[in-house]
Amino acid sequence: MERMIARFDEKAEIIEHCQAAEDIFVLKVAAPAVSASARPGQFCMVEVKAVGSSDPLLRRPFSIHAREDGGRLSFLYRRVGRGTDLLSRMRPGEMLNVLGPLGRGFRVRPDITPILAGGGMGMAPLLFLAEYCAGSMDTFTILGGRTASELTGLESFRRTGTRVLVATEDGSLGTRGMVTDVLDGLLKTLSESAGQCEIHTCGPWPMMRAVYEMASQSGIPCWVSLESRMACGTGLCLGCAVYGTEKILHVCREGPVFHGDSIRWRDGQ
Amino acid sequence: MNRNFPDLSVTIGSLSLKNPVVLASGTCGYGAELGDLLDFGCLGGIVVKGISLEPRAGNPPPRLVETPCGLLNAIGLENVGIDAFIRDKLPWLMGMDTAVIVNILGDEIGEYAEIARKLDDAKGVDAVEVNISCPNVKSGGAAFGTDPWAAADVTRAVKSATSLPVIVKLSPNVTDITAVAKSVAEAGADAVSLINTLLGMSIDIDTRRPSLGNVFGGLSGPAIRPVALRMVWQTVRAVDIPVVGIGGISDANDALEFLMAGACAVEIGTATLVRPGTAVGIVEGITAHMESRGVPAIKDLRID
Ligand SMILES: Cc1cc2nc3c(=O)[nH]c(=O)nc-3n(C[C@H](O)[C@H](O)[C@H](O)COP(=O)(O)OP(=O)(O)OC[C@H]3O[C@@H](n4cnc5c(N)ncnc54)[C@H](O)[C@@H]3O)c2cc1C
Ligand SMILES: Cc1cc2nc3c(=O)[nH]c(=O)nc-3n(C[C@H](O)[C@H](O)[C@H](O)COP(=O)(O)O)c2cc1C
Ligand code: FES
C-alpha cells in the first residue's frame, strides 16, 4: 500500500573510513540487503553512536553516495556537529546499524540527457546517479564548492563517463563562480538540444532554488533533493515536513527528491 | 503452569492482547508504513496516529529537534481524518494479527464522541485510546487532560458513543496525575495509558529563534523515562483500572521496570523511530526474563 521496495535495518560492518578533506569523510560499509535494492537519490538512516547508548538518540540521514561490488555502500559526509563527529571516529571493523534504502530517488528517463548539478555535500547522491546513467547515455555533471579542496572525488565522477564541469567560488579550480554560472553556459551551448535535458540537483537551498529557476526559464524539468530534520526516515513521525506548493510534503517518504515545481521555494529552509 | 513457557497475554478490560507490548501513537504511522520492517504478528497491538474528525495539516516546520537522550516534536497532530482512516488505512491493519487501537483527538467533546461513534460502526477496531492532551477550544484552550472535570466529560462522552474498550491517555503536564486518573476512572474509563509527551522547548542560539516552528513541543524518549515510571507507579496505586505504561521505553529492561511498577502493558514510542524493530526485541527480552526467573504471568512481575 505505502511502498513496494523493501527496506532493511542492517548491521553493517565498516570496511573503509577515510578523511577526504578537512571535515569531509567517505564511509564504506558492507550492507548487502540495503545495497541490493538501492536506487540513486535514496538515503539511509545511519547510527552514529556506540551500541546501547541513547545519546545522541537519533540516527542521521545520509544519501547513498555510491554502490560497490560485494554489497557495499558508501556515504560522503561533512562533519558539522556532534553526530557526524562521533561517526567520524568510528573505525573499520566496527558495526553500525544502517536502515535503508529510504525515500524516492531521482527519476531518470532513458530518452533525456541528465544534467547533474551538485553544490558542496550535495554532490553526495550524484555519484550514484552518474554511475547509474553514464553507461547508457550522455550526461553532464556540474560540481561546485567554495574551494578546490572541497571538491573531493572528481575522479570518481570522471570514471563513470559523465562530463564533469567545475565551479569554485575562489576560482581555485574550474570556473570562478557558482554552479549556476556553469549551468547557464552549458544550457547556452546546448541551446537547441536543451529541450532534451533534465536537471537533477542537490545542494544548499539557495543554490537549488537558483538552479530550479534557471531550469524553469529554459523550460527544462528540474528534480531537487531536499533535506529536513528527520527522526525516523521511514514515514512514521511526520516530522520531516516542508512546504509544497499545494500541501505539506514529507521529505523522507515523498522525497527526498521532488520535482522543483512542487516546492514552495519562498519559504526557504 | 509450565515454568518454561511464561504466559505473556494480558487483558485490558475486555481487550485481550497476546503480549503486553504495543506500538505508541504517532510513532508507527497507520501501521502500513512499518509493514516491511516489523512482524506485526509478534506484537500485542498497535495504537495508530491520533485521528481527528476532519483531516489536519499539522504545524509549520521545523517540527523536530533532538535534545539530550530525547526528542522534541511539534507535529501538530497531522492526520488524514476519521473517514479516510476507516476507508484507506483500517483495511491493511485488519489483515495483521495484532490488536488495533485507534487514538482519537478533538477540539471539543462532541468531536471525540462523533469519532468514537464512527469507530463503533467500523470493523476491525479493538479499542479506542483517547488523547486528552489537546487544547479544549471551547474553554480557552487549556488541555482537556489538565482539568479532571473536562477529562471526565470527554471520557463519559466517548464511553456513551462506543461499546469498544476505552483507554484514556493522560497528559503528564499536570501537578497531580492521579487526580485526573481517578476522575476518568470514575467516569467509566476501562483503562488509562501514560504518559504523553512532556511540554518543552529549545532555542537555536545561531538563528536566535525557537528551534520548533510551533515554539513549544512534546519531549519523548529515554530522557522522560524516570518521570513516566514515577507517574505510572503512582497511578497504579491510585486507581483500580489497568494502567498502560509509556515513556522512553527502549529495551526489555525498561519495559520490565514499568511492568514491575504495575503497568499491565507498555507502549513503545520514540524507540521505534530510532530502530523499527525495537518492540519485537522487547517481546523477546521480556519472554527471556520471565523464562529465566520462572515468572508465570505478566501480573506476577508486579512489585509492591
Ligand atoms: C535525506 C538527507 C540526506 C542527507 N545526505 C547527506 C550526505 O550525503 N552527506 C552529508 O554530509 N550530509 C547529508 N545530510 C545532512 C546530514 O544528515 C546532517 O548534516 C547530519 O544529520 C548532522 O548531524 P550532526 O549530529 O553532526 O549535527 P547536529 O549537531 O545535529 O547539527 C549541527 C548542524 O548541522 C545542521 N543540521 C543538522 N541536521 C541537518 C540536516 N538534516 N540537514 C541539514 N543540516 C542539518 C544543524 O542545523 C546544525 O547547524 C542529509 C540530510 C538528509 C535529510
Ligand atoms: C513524533 C511523535 C508523534 C506523536 N503523536 C502522538 C499522537 O498523535 N497521539 C498521542 O496520543 N500521542 C502521540 N505521541 C506521544 C507518544 O505516543 C508517547 O506517549 C510519548 O512519545 C512518550 O513515549 P516515548 O518516550 O516512548 O516516545 C507522539 C510522540 C512522538 C514522538
Ligand atoms: S522523518 Fe519521520 S516521517 Fe519523515
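User: How do the residues of the shell around ligand 2 divide into nonpolar, polar and charged?

Analyst: The model is a predicted one. In it, ligand 2 lies between chains A and B, and 28 residues surround it. By class, the shell around ligand 2 divides into 10 nonpolar, 16 polar and 2 charged.

User: Which elements of chain A each supply at least two residues of the shell around ligand 1?

Analyst: Ligand 1 is surrounded by 21 residues, and the closest are Tyr77(A), Gly81(A), Gly83(A), Thr84(A) and Ala124(A). The shell around ligand 1 has 11 nonpolar, 5 polar and 5 charged residues. At least two of its residues come from each of these elements of chain A: strand 4 (60–63), strand 6 (72–78) and helix 2 (82–88).

User: Why is one side of strand 5 and of strand 11 of chain B left without a neighbour in the sheet?

Analyst: Chain B has an open sheet of 4 strands in the order 5-6-14-11, with antiparallel pairing. Strand 5 (64–67) and strand 11 (198–201) of chain B are left without a neighbour on one side because they stand at the edges, each with a single partner strand.

User: In strand 6 of chain B, what is the bridge partner of Glu66(B)?

Analyst: Strand 5 of chain B and strand 6 of chain B run antiparallel and are joined by 4 bridges. The bridge partner of Glu66(B) in strand 6 is Leu71(B).

User: What classes of residue are on the side of chain A that touches chain B?

Analyst: In the contact between the chains, 25 residues of chain A meet 33 residues of chain B. The side of chain A that touches chain B has 13 nonpolar, 6 polar and 6 charged residues.

How values were computed:
Residues numbered from 1 in each chain as written. Chains lettered and ligands numbered in written order. Predicted model: local features only at pLDDT ≥ 70, side-chain atom pairs only at ≥ 80, totals over all residues. Near = placed C-beta within 6 Å. Nonpolar A, V, L, I, M, F, W, Y, C, P; charged D, E, K, R; others polar. Pairing = 2+ DSSP bridges. Contact = placed C-beta atoms within 7 Å.
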